[in-house]
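Student: I would like a close look at a single part of this model. Please take me through it step by step.

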Amino acid sequence: MSFTRENRVESRLSPTLPRRATAIIELPDGVLMTASAGGRFSLPGGVSQRGELRSQALLRQVRDQTGLRINSMLYLYDHITQHNAHKVYLCIAQGQPRMQEGGARMTLITSPDSEMDVHVESRAILRRYAKLRGEEGPKSDAVRAILQLARYIAKMD
């Protein structure tokens, strides 16, 4: 078994730090954000259950929160804060987003610096994602390819 950078990051995390799977779902009019009733907007996703991979948690949480089915995802990066250890994925989702929980809200944002009430961790993740999209290199090329695929799938639906 190889010991990758990702394994090293995981081994240094506090055992009590929540491990969260976070989805960036770009739709034609912006990035999908969700919020509980009266709460701040954040990227879809959630904490993995004991024994559950974060990629599995992401599939479950996005379906539960938005009704969307993720059919492809690209791991982007770990985003560690004092409150959460995020694994951030760029996702292609099928279906029409619709809130699944009573009193919850959903919106699209076009900029990490939006005036909307966005949770600080989600805002930081979106800024980092925007920077990644504008860079050159293999990861940025993969992001652009996934986004092209998402646009193609959206046309076919």
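Student: Which residues in H3 meet which residues in H4?

Tutor: Keep in mind that this is a predicted model. On the H3 side, the residues are Tyr129, Leu132 and Arg133. In H4 they meet Lys139, Ser140, Val143, Arg144 and Leu147. Sort the residues of this contact by type: four are nonpolar, one is polar and three are charged.

Now the geometry. The two helices, H3 and H4, pack at an angle of about 100°, and their axes are 7 Å apart. Angles of 65 to 115 degrees count as roughly perpendicular, so H3 is roughly perpendicular to H4.

Next, see where this contact sits. The largest nonpolar core has 23 residues. Tyr129 and Val143 are among those with the most contacts inside it, along with Ile24, Leu76, Tyr77 and Leu90. Helix H3 (120-134) and helix H4 (138-156) each supply at least two residues of this core. So do strands S2 (30-35), S4 (69-80) and S5 (85-94). H4 gives the most, with five residues. In general, nonpolar side chains tend to be buried together in soluble globular proteins.

Setting aside its neighbours within four places in sequence, Leu90 is in contact with Tyr129, Val143 and Leu147, among others. Its other partners include Ile24, Ser72, Met73, Leu74, Leu76 and Ile146.

There is also a second, separate core of twelve residues. Leu32, Leu58, Cys91 and Ala93 are included in that second core.

Methods
Residues numbered from 1 in each chain as written. Predicted model: local features only at pLDDT ≥ 70, side-chain atom pairs only at ≥ 80, totals over all residues. Heavy atoms only, no water. Core = buried A, V, L, I, M, F, W, Y, C linked by side-chain atoms within 4.5 Å. Buried < 20%, exposed > 50% of the residue type's maximum accessible area, 1.4 Å probe, protein only. Helix = DSSP H or I, 4+ residues; strand = E, 2+ residues; numbered from the N terminus. Contact = heavy atoms within 4.5 Å. Axes fitted to C-alpha atoms, helices over the stretch in contact; angles between N-to-C directions. Parallel < 35°, antiparallel > 145°, perpendicular 65-115°, else oblique. Nonpolar A, V, L, I, M, F, W, Y, C, P; charged D, E, K, R; others polar.
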